[in-house]
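Subject: Handing over the structure

Dear colleague,

I am passing on the structure we spoke about, and below it I have written out what was found. Please keep the model open while you read, and look up each residue as it comes.

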Amino acid sequence: IFDGIDGTVALDVDCSQITGDVDSFTESSENQATVTVNRSGSAYRSIGVVRSGYVLPGASNVFRASEVSLLDFGATDSFTVLAVVRQWATPAAFGRIIDKGSTAVGWGILNLSTDSEVYPIIDDGTTPKGGTAEKVLYDLGGLAPLFMTVDRSAQTLQMTSGTTAGSAINISAVGSLVSDTTLRILNRSAVVDGEFVAAAIFRRALRAGEIQSLSTYF
């Protein structure tokens with residue numbers, strides 16, 4: 001914010017310099033003023049727009065997209081899900097960071113337990129794949145680019161945190177992942193305590209070099 005047209009900087013808020021759960025911070029202009037964050041009520045709602053009609057406000061603490069066919073994948077479709085998050089406190093056991101699926105058909109990236117571990121899951125309603133063997137670690141409170149790669153050419157499912165890849169497992173027995181449920185971020189059965197920075201879904205299996213480049217960027 002400037003003091004008049006072409007005036008001096010009166011307020012400079014650089015949100016990238018704010019870390020942790022705070023209700024006030026010092027802004028970056030020469031004034032070095034203290035900014036206090038206020039809101040009324042004990043609940044809040046998250047909302048965003050990625051394309052008109054696709055992203056809708058959910059219940060408190062829920063960010064979700066309406067059902068979109070581009071987020072469904074058949075038995076021969078490769079894809080990669082990227083979620084960039086910073087988790088705080090103790091992770092909720094089986095809290096879903098990003099997912100499109102019910103308790104059966106679909107896909108998702110989940111916290112394994114209350115430890116700093118995540119794992120991928122895909123499920124055609126009969127054959128679920130993903131779990132303890134495919135888990136990867138992340139630093140609690142640190143920025144974590146998480147990748148779930150489904151490669152239908154190689155018939156593998158693999159989880160990557162940053163540039164550290166977990167074990168790849170065979171998914172040849174898993175069929176279509178088409179689900180009529182919504183895409184959700186940071187909440188399905190348990191709310192995830194953290195910051196959600198970015199998400200991207202690629203309709204192909206990213207190569208290791210591409211994952212490394214994206215990790216370096218974030």
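Strand β12 and strand β13 (residues 164-165) pair in the antiparallel sense over two bridges, where strands are DSSP runs of E with at least two residues, helices are runs of H or I with at least four residues, and both are numbered from the N terminus; two strands are said to pair if DSSP finds at least two bridges between them. In β13, T164 is the bridge partner of S161, and the hairpin that β12 and β13 form has two residues between the strands, with G162 in the turn showing a positive phi of about 65 degrees.

Before going further, please note that this is a predicted model, in which local features need pLDDT of at least 70 and side-chain atom pairs count only at pLDDT 80 or more, while totals for chains, interfaces and linings use all residues. Residues are numbered from 1 along each chain as its sequence is written, and side-chain values use heavy atoms, with hydrogens and water left out.

With β11, β12 pairs in the antiparallel sense over six bridges, and V150 stands opposite L157 of β12. The hairpin of β11 and β12 has four residues between the strands, and in it Q155 takes a positive phi near 55 degrees.

Is β5 enclosed by the rest of the structure, or is it open? Eight of its nine residues are buried, so β5 is largely enclosed by the rest of the structure; here buried means under 20% relative accessible area, exposed means over 50%, and partly exposed lies in between, with a 1.4 Å probe and protein chains only.

The protein has one helix and 16 strands. In helix α1 (residues 208-217), the buried residues are E210, I211 and S215. These cover an arc of only 135 degrees around the axis, which puts them on the same side of α1; the arc is that of the directions from the helix axis to the C-beta atoms. The buried residues of α1 pack against β11 (143-151) and β12 (156-161), whereas the face turned away from that buried side carries the exposed residues T216 and Y217.

Next come the cores. In soluble globular proteins, nonpolar side chains tend to be buried together. A nonpolar core is a set of buried Ala, Val, Leu, Ile, Met, Phe, Trp, Tyr and Cys residues joined through side-chain atoms within 4.5 Å. The largest one in this model has 29 residues, and W107 and I109 are those with the most contacts inside it. Among the strands that each supply at least two residues of this core are β5 (79-87), β7 (106-111), β11 and β12. A second, separate core of six residues includes L82, V84, F147 and I211.

S179 lies in the loop between β14 and β15 and, at 5% relative accessibility, counts as buried; its side chain reaches the backbone oxygen of V105 at 3.5 Å. S113 lies in the loop between β7 and β8 and is partly exposed, with a relative accessible area of 21%. Which residues does S113 contact, leaving aside its neighbours within four places in sequence? They are P91, A92 and A93, and although S113 and A93 are 20 residues apart in sequence, their C-alpha atoms are 3.9 Å apart in space.

Finally, for the protein as a whole, 39% of the 218 residues count as buried. Of the contacts between residues at least 6 apart in sequence, 55% join residues at least 24 apart.

Best wishes

Key: Contact = heavy atoms within 4.5 Å. Polar contact = N/O pair within 3.5 Å; in protein donor to acceptor, adjacent residues only side chain to side chain.
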